[in-house]
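Notebook open. I want to look up strand pairing first, then the aromatic rings.

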Amino acid sequence: AVMEVRITARKNPLLQQVKKLLSSRSERRRQGLFVADGTKLLEEAVNHWPGLQTVILADGVEAKVPEGVRVVRVPEEIMAYISPMEAPQGALFLGKLPEQTEFVPKKGMLILDGVQDPGNIGTILRTADAMDVPVVLLDGCADPWSWKVIRSTMGAVFRVPVVQAGWEEVLGKCREAGIPIGVTALSDRAVDIRTADLSQMALVIGSEGRGVRKEVLENADQE
């Protein structure tokens, strides 16, 4: 039996909490929660994410929700008020952020340096999931747990461990493991990581605007 609660007031604490979590990375970290939006994403989370906590559904929207997950019903105008999307699908959900995953160097892995565009991060995570390529996000990347990135991964973020680490640690561990580091930058065209032979190295992908940081370039083995 799934417990359903109904909320119709904008001032409701849960709705205010959702607004905060959507707009602030530090708030997400502080509360250990993320918010994502969309019926298809909700399906992915139900199937792959153990930390699903609360599901908010607009009237008339049905979804399969596991035992023990709180379900909140809201009128459509309340969904429109809290949803970050222009055309809300009628499902929004809160989940627990994952534990920090230990960085383990692997050949063929991608290292994202200062990639800020949520669409780019999402696409890379999605492609990496499909091709089984490990990804690590260095400090300075967009938050992988922002609703825009989650949406752009189409749920891949629920299936692959998203590792975040500092450059010093990544460099040190790759050196220890004898894995060379190559460097590339995101051009206006999306990088097609399928065409280069990256199987023997770890590849740094730099930010859209300024490319790879100087201290990363200086330590890389090839460009």
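I started with a bridge: Leu52 has Gly95 in β5 as its bridge partner. This is a predicted model, where local features need pLDDT of at least 70, side-chain atom pairs count only at pLDDT 80 or more, and totals for chains, interfaces and linings use all residues. Residues are numbered from 1 along each chain as its sequence is written, and side-chain values use heavy atoms, with hydrogens and water left out.

**Strands.** I take strands (E, at least two residues) and helices (H or I, at least four) as DSSP runs, numbered from the N terminus. Strands pair if DSSP finds at least two bridges between them. I found β3 (residues 52-58) and β5 (residues 91-96) antiparallel, joined by 5 bridges. β3 also pairs with β4 (residues 70-74), in the parallel sense, over 5 bridges. There, Thr54 has Arg70 as its partner. I checked cover next: 6 of the 7 residues of β3 are buried (under 20% relative accessible area, 1.4 Å probe, protein chains only).

**Rings.** I noted 6 aromatic pairs (ring centres of Phe, Tyr or Trp, the last by its six-membered ring, within 6.5 Å). Phe93 sits in β5 and Phe158 in the loop between α6 (147-153) and β8 (163-165), 65 residues apart. Phe93 is buried at 0% relative accessibility. Phe158 is buried too, at 4%. Ring pairs link both into a cluster with Phe34, Trp49 and Trp145.

Technical notes:
Buried means under 20% relative accessible area, exposed over 50%, partly exposed in between (1.4 Å probe, protein chains only). Rings of Phe, Tyr and Trp (its six-membered ring) pair if their centres lie within 6.5 Å; planes under 30 degrees apart count as stacked, over 60 as edge-to-face and the rest as tilted.
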